[in-house]
Amino acid sequence: MTDLEPGQAAAVSTAHGVDDVGETTVGEVHHHMHGVSDTSTGLSNNKLGMWLFLGSECLLFGGLISTYMLYRGRVTRGPGPDQIYDIPFTSVSSFVLLMSSLTMVLAVASANRRDVRNTKLWLTVTALLGATFVGGQVYEFTTFYREGLGYTTSLFSSSFYTLTGFHGVHVTVGIIMLLALVGMISRDRVTGERSEVVELVGLYWHFVDIVWIVIFTLVYLIPA
Amino acid sequence: MSALATVTSVPARRRAIALIGTVCALVMTACAEDAPQDTWQPEGPNAQKIHNLQWPVFAVAGLVGVIVFAAIIYEVVKFKDRGQPIPKQTHGKPALEIGLTIVPALILIGVAVPTVGTLLALAETDDTECSVNVYGQQWWWAVEYPQQDGCGGISEEFVTSGQMVIPTGTKVLISGTSNDVIHSWWVPALNGKRDMVPGRVHTLRTEADDPGIYAGQCTEFCGLSHANMKMEIVALAPDDFEAWKANQLEDYKSPEEASLAGQGEAVFIQQCSRCHTVNGLEDANGPIVSDPEQYVYSGVAPNLTNLMTRNTFAGAMFDLLTDQCRDRVWGASPEEFGDRYLEAVTPECLNEVELREWLRSAPSKKPMYTDASELGATDGRTRGMPNLALNEEQIDQLIAYLLERK
Amino acid sequence: MAIIERPADTVTSPPPLVTPSTAYGSFRRPVQAEGWRSWVFTVDHKRLGIMYGTTAVFFFVVGGVEALMIRAQLAGPEGTVLSSDVYSQMFTMHATTMIFLFAVPMATGLANYLVPLQIGARDVAFPRLNAFGYWAFLAGGIVLNLAWFLGGAADGGWFMYAPNSSVPFSPSNGIDFWILGIQITGIASLTSAINLITTVLNMRAPGMKFMRMPVFTWMVTVTQSLLLFAIPVITVALFLLMFQRTFDATFFSVEAGADPLLWQHLFWIFGHPEVYILVLPSFGIVSEVLPVFSRKPLFGYPFVVFSGIAIGFMGWGVWAHHMFASGLGPLSVAVFSISTMTIAVPTGVKIVNWTMTMWGGKLRFSTAMLFAMGLVVQFTIGGLSGVTHAVAPSDTQQTDTYYIVAHFHYVLFGGAVLGFFAGFYYWWPKIFGKCLNERLGKWNFWLMTIGMNMTFGPMHITGLQGQPRRTYQWTPERAGEGFFNIGFWNLVSSIGSFVLAVGVLLFLINVIHTHRKEPPAPLDPWDARALEWMTTNPPKEHNFDTVPTVTALDEFFHRKYQDVGEGDAHDLQRIATAEEILAEQEAKADEHIHLPSPSYWPLLLALSLPVIALGVIYGLVVSVVGGMLAIFAIFGWALEPATADDSEFDPPVDDEPSTELVTSD
């Protein structure tokens, strides 16, 4: 962790915007100030980096969604979308994921308030809700498989599983990040400004949730 | 500034002249060609429309290039460092910039309008007078004439390969697809190319002004023998086309049993007919039905019913005609061409050397996937014609038999 | 006052005050300043830039040898140098190597080295991510080329059209290696994009407004933005193909109802922005070099910048011009034909601006200048032939012939490559402390130019005369009559390619000769304009002793010269030399400069990627192991602060200078 000791504050001037955050301005000696990023845009490097990454992810999911939309009606074998989807079930798991975004917001708010206990609590709840969602996906996929929709059954099945599978992997990675963050907070091993790290994980989590809303609408709700 | 002291001065004027001279020489000598697939020698209205659009654009582009080069050569000569003081530090001239942005934009609008016009004209399908279907597969083209009123009336569907015969002055619409990977049909003298994609049917207008043979080649990378996947469009005057058509639909004439060709028929039935169809071929048990699906991954093999009425084989990779006979046909004037083409391949004109080598071992003549060790991914089916281990006697007999397929 | 130039590999700083090491024994953080460890674990953008550049040039030679083999095969009719199978692999790998392993990393390397210097920063935003990007690129390049030794390289063309790319038509593992190699280099590019964009947006020196940034930095920014959005699209395409080949998915199986054009659309939505990714950095380089050697500012800086941005945006709307013959239908073809014509406009603007920069200037024909001018000439040729393909009906005659090969080699070789070489000659003194030998440089330039035109010029002719692409042999029957037929021009092309190769060889000889024999370069050999020249040759570890405050475009030039003319009259007077400016900087040097520390984790994470990749081909167990390694590396990285803790340094030994990097005083 790079929060500086008070005695060291006066002796610091830094490489510009090095990725541990909150450094001081250039060429002169300043006191270290929390939460102030001396970057040209005012956004921290890490936050800007996360936004850029999420921008690229839009194109990733865009490509997968386009593939699905092209192939959703091509059912040479096995069941088609209208035969297999269980909208009520998927609605419930979507709601769970949506609620996890709410709890994520609460986690970020707690982190901003420096409320360590509640930060860890809400991060954990978010992870659990996310895990519930993933569990629901797994249940859904195994049910589909038993009903005759394998990965290679048809173009519809291949594109469906690939799209939702990629999303599920993203959620899982998010869960790992959330739990890792809880662990790191517990051991005070977060490098960088803690509330910002929580916020960045939150950004990622909300993005994954928004992608699900798009997928849920296009894949499940809009008839083929 | 010691680094710059080693800059040697260049005789710019001499360089410029050499450059311009070379370019002119190149352009002029290039125009002296008559390559069979030359895209600047249109022989039909569709290719002509493209050419009418293309060469003015080239001219404009060339002019722009010359202006840019002239400017640079002028600069190189006029503004070379000869010890003059630091020049005026102009930062730009917006009026000039905007002007030199608008002028190209206007030129491009001028190009865009006829472009769209030509595009739409070339996409027209309602005025079709003759429909021909084309199938690409590794590494040859199948040509199919469906039953229709067009093409002067076709009473019964028939199939050929490698050479598409059409009547001159007729708006032919090619509809094509592929039986395996993406190929592309391109006969430059008559039109641009069109990809032949499995699972889709694409159309392409084709029309030839005069009788003649027009060379083409597959132009979408399709694997090992992409370079060897060729075809020709043969245009015949309408009565010649009728004669050709009638011949294609003639009944099968079995050769005399005891003759070499008769023996060849037996060899054909035994060795070739499982993939290659000859219409009307029968043996003691009835009509021979080919089943290339079982042996070839693309599921088809060339129909050899009237092999000798065409003058190329093996995906038009090889000529059926000797060089002399080939030149006679390919170099014929439009008036003579029809008769010469309709002579078909005579025993004297047969390019026996190539055909023999092919029959001896097709894979040694054309890269293909026919070795058992390579066929795991295609369920044991070949992509191309395998080596049938024929002996010389069988080859003699087959050649005699094939010579009669016309 | 002389500037004390920093010798290449010793660190001259007082030893740090440290407590005895309490870290994890042999796994403590690498902090060596010398030796191989200082390169392998470095996070310094300058060292990484050199590593990128060296590796890219190596792959340029590899790709060049592949090209020479192609040309040897096509020198005569029905050539026997390469079998059809090997030929397919050769042209696939030539293109793949040149695009993914040479051009993109070369630009990334130059960007890595120069962008922080040009904007007045001390490093990029995410130094460890930068290191990861390099090692991942190297890993990807190795994975791609492993295929040569493990059953044959990819053989479906760099464009890898489906269904020819699926297992029945390409059973060897070559395409699998190809997919995985490009995925890995794609990850590297994506991380570079995030890094460089954040750097440019966030880490500019005070006063370095956007419209005061050098054009090279601008073009890099546009390029990286294109990469950011284009890479995910090919990532999707590659995953679909991988699932098809490895798990029998049906994405490109026509029997299941798949549309082969899906691959083409996904590929070209990536592929077209990719070609601007390839050429825009060189546009940036030329926009730096021409003004310096014309002794005038860039003509129309805002137009050059905005046309680059326009190309970046418009480049997304033209992809289907690669598919004019694919059966799209006349409406789509018309739309893309028109959009392709429009993109010629901003490109043309640049040619105007470069030409007008030289107009009225005081031109010095150094090698860098020759290469820059070469780009203007050759790219114009390539751009004009491009305009002829924008006319879709004409393109149905031109596409898939050598005419297209001519076009893109003129824009890529004549554009991207000549630009890189201009950059080499221009920035060599900055990066390595010596100017490349000018005499050898002239030979390098002329042989490359003559060779290039001899090789690709005739391809315009052979293409229009009907020679298709991607054909392992041509025949006399289709070659035409007369002496100057397709055969003749193929022979000229082949000879030209060897001339070109000699030209490239001369560059390598120049590099070695310069290293051995040339004297150190003066501080400002070209009397340059931009901020990267306001440093030592090479720059110190921390780039700037004190971060400059910027007041104008071409800040460095304005510190050296002042216009003392009155009214309309201009009179540029030199008011300071580079040495004086640097001495002033040194006198005001910051006392304590925190630099990011080297690290193991980026390398480890990068190494886990080929392990995962090999598992896809040889057994998923291996992928699981690779995955675990990746997770371990990510955790290690996340738990490690950007700057090394004091405890990670050895206590100083009496009187010996420290061999470890100083990160804090």
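How far is the sulfur of Cys275(B) from the closest cysteine sulfur, and which residue holds that one? Select Cys275(B) and Cys272(B) to see. The gap is 9.1 Å, and the partner is Cys272(B). That is too far for a bond, because a disulfide needs the two sulfur atoms within 2.5 Å. Cys275(B) counts as buried, at 14% relative accessibility. Keep in mind that this is a predicted model.

Now the bonded pairs. The structure holds two disulfides over all chains. In chain B, with bonded cysteines counted along the chain, the pattern is 1-2, 3-4.

Select Cys130(B) and Cys151(B). Their sulfur atoms sit 1.8 Å apart in a disulfide. The pair links distant parts of the chain, 21 residues apart. Cys130(B) is in strand E1 (residues 130–137). Cys151(B) is in the loop between strand E2 (140–145) and strand E3 (158–161). Look along the S-S bond: its torsion is about 90°, so this disulfide is right-handed. Both Cys130(B) and Cys151(B) are buried.

Next, select Cys325(B) and Cys349(B). A disulfide joins them, S to S 1.9 Å. Here the torsion is about -75°, so the disulfide is left-handed. Cys325(B) lies in helix H8 (residues 323–330). Cys349(B) lies in the loop between helix H9 (334–342) and helix H10 (352–360). The pair therefore ties together parts 24 residues apart in sequence. Cys325(B) is buried at 14% relative accessible area, and Cys349(B) is buried at 16%.

Last stop: Cys218(B). This residue is in no disulfide. The nearest cysteine sulfur, that of Cys222(B), is 3.9 Å away. Cys218(B) is buried, with a relative accessible area of 0%.

How values were computed: Residues are numbered from 1 along each chain as its sequence is written. Chains are lettered from A and ligands numbered from 1 in the order in which they are written. This is a predicted model: local features need pLDDT of at least 70, side-chain atom pairs count only at pLDDT 80 or more; totals for chains, interfaces and linings use all residues. Side-chain values use heavy atoms; hydrogens and water are left out. Helices (H or I, at least four residues) and strands (E, at least two) are DSSP runs, numbered from the N terminus. Buried means under 20% relative accessible area, exposed over 50%, partly exposed in between (1.4 Å probe, protein chains only).
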